[in-house]
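Morning, everyone. Please have the sequence and the model open while I talk.

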Amino acid sequence: MDEYAWPTGPDVPASDEVRRSWAATVAALPVGTRITGEVIGRQPFGVFIRIDGVPDAVALAEITAMPQWMNLPGLGALVSGEVFWHATHNHQVRVRLDEWRAAGE
């Protein structure tokens with residue numbers, strides 16, 4: 001298995017569903033909302049997360065919020081964090097992971 005992978009599989013929401021559900025996603029996950037979910041994709045810039053309870057949403061935790069000495073969580077890892085932004089141009093919920101915030105304090 002590659003170190004990096006794009007989100008794929010039957011549990012990953014289709015891009016048209018993510019777009020169609022965007023208004024409902026933003027309403028369900030305002031800035032400051034606590035989330036939990038599973039890492040469904042890894043790239044050099046961060047991890048993609050399927051958010052528990054919001055099946056048509058995809059979150060992205062970017063490495064810009066990760067302490068330099070830490071590693072990205074692996075595929076399938078269960079993570080938690082907080083919504084800090086909504087990227088309207090690509091319909092992503094941006095999150096800061098708890099493990100990154102705790103390590104940086």
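I'll go through confidence, then the strands, then the aromatic rings, then the pocket.

First, the ground rules. This is a predicted model, where local features need pLDDT of at least 70, side-chain atom pairs count only at pLDDT 80 or more, and totals for chains, interfaces and linings use all residues. Residues are numbered from 1 along each chain as its sequence is written, and side-chain values use heavy atoms, with hydrogens and water left out.

Confidence. pLDDT is the predictor's confidence in each residue, on a scale from 0 to 100. The chain averages 89, and 96% of its residues reach 70 or more. Helices and strands here are DSSP runs numbered from the N terminus: helices are H or I, at least four residues, and strands are E, at least two. Which element has the lowest mean pLDDT? Helix H3, residues 98–104, at 77. Strand E4, residues 78–87, has the highest, at 96. Keep one caution in mind: where pLDDT is low, the predicted coordinates should not be read in detail.

Now the strands. Two strands count as paired if DSSP finds at least two bridges between them. Start with E1, residues 34–43. Strand E1 is mostly covered, with seven of its 10 residues buried. Buried means under 20% relative accessible area, exposed means over 50%, and partly exposed is in between, using a 1.4 Å probe and protein chains only.

E1 has strand E2, residues 46–51, as an antiparallel partner, with six bridges. Glycine 37 has isoleucine 51 in E2 as its bridge partner. E1 and E2 make a hairpin, with two residues between them.

E1 also pairs with E4. That pairing is antiparallel too, with five bridges. Glutamate 38 bridges to leucine 78 in E4. Arginine 34 stands opposite glutamate 82 in E4.

While we are in E4, look at phenylalanine 84, which sits in that strand. Phenylalanine 84 has a relative accessible area of 31%, so it is partly exposed.

E4 has another partner, strand E5, residues 92–97: antiparallel, over six bridges. Valine 83 stands opposite valine 95 in E5. E4 and E5 form a hairpin with four residues between them. Histidine 91 lies in the loop between these strands. What is the phi of histidine 91? Positive, about 55°, although this residue is not a glycine. Histidine 91 is buried, because its relative accessible area is 19%.

On to the rings. The structure holds three aromatic pairs. Rings of Phe, Tyr and Trp (its six-membered ring) pair if their centres lie within 6.5 Å; planes under 30 degrees apart are stacked, over 60 edge-to-face, and the rest tilted.

Take tryptophan 6 and phenylalanine 45. Their rings are 6.1 Å centre to centre with 50° between the planes, a tilted pair. This pair links distant parts of the chain: tryptophan 6 is in the segment before H1, phenylalanine 45 is in the loop between E1 and E2, and they are 39 residues apart. Tryptophan 6 counts as exposed because its relative accessibility is 53%. Phenylalanine 45, at 35%, counts as partly exposed.

Tryptophan 6 also pairs with phenylalanine 48. Those centres are 5.8 Å apart and the planes are at 40°, so this pair is tilted as well. Phenylalanine 48 is in strand E2, 42 residues from tryptophan 6. Is phenylalanine 48 buried or exposed? Buried, at 5% relative accessibility. Ring pairs link Trp6, Phe45 and Phe48 into a cluster.

Last, the pocket. A pocket is an open set of points on a 1 Å grid over the protein atoms alone, where a 1.4 Å probe fits, with protein on both sides within 12 Å along at least five of seven lines; lining residues have an atom within 4 Å of a point. The largest pocket holds about 170 Å³ of space. Of its 13 lining residues, the closest to the centre are Pro13, Ser15, Val18, Val58 and Asn90. Helix H1, residues 15–20, gives the most to the lining, with three residues.

That's my tour. Questions, please.

Terms used. Points joined across faces, edges and corners; volume = space filled by probe spheres on them.
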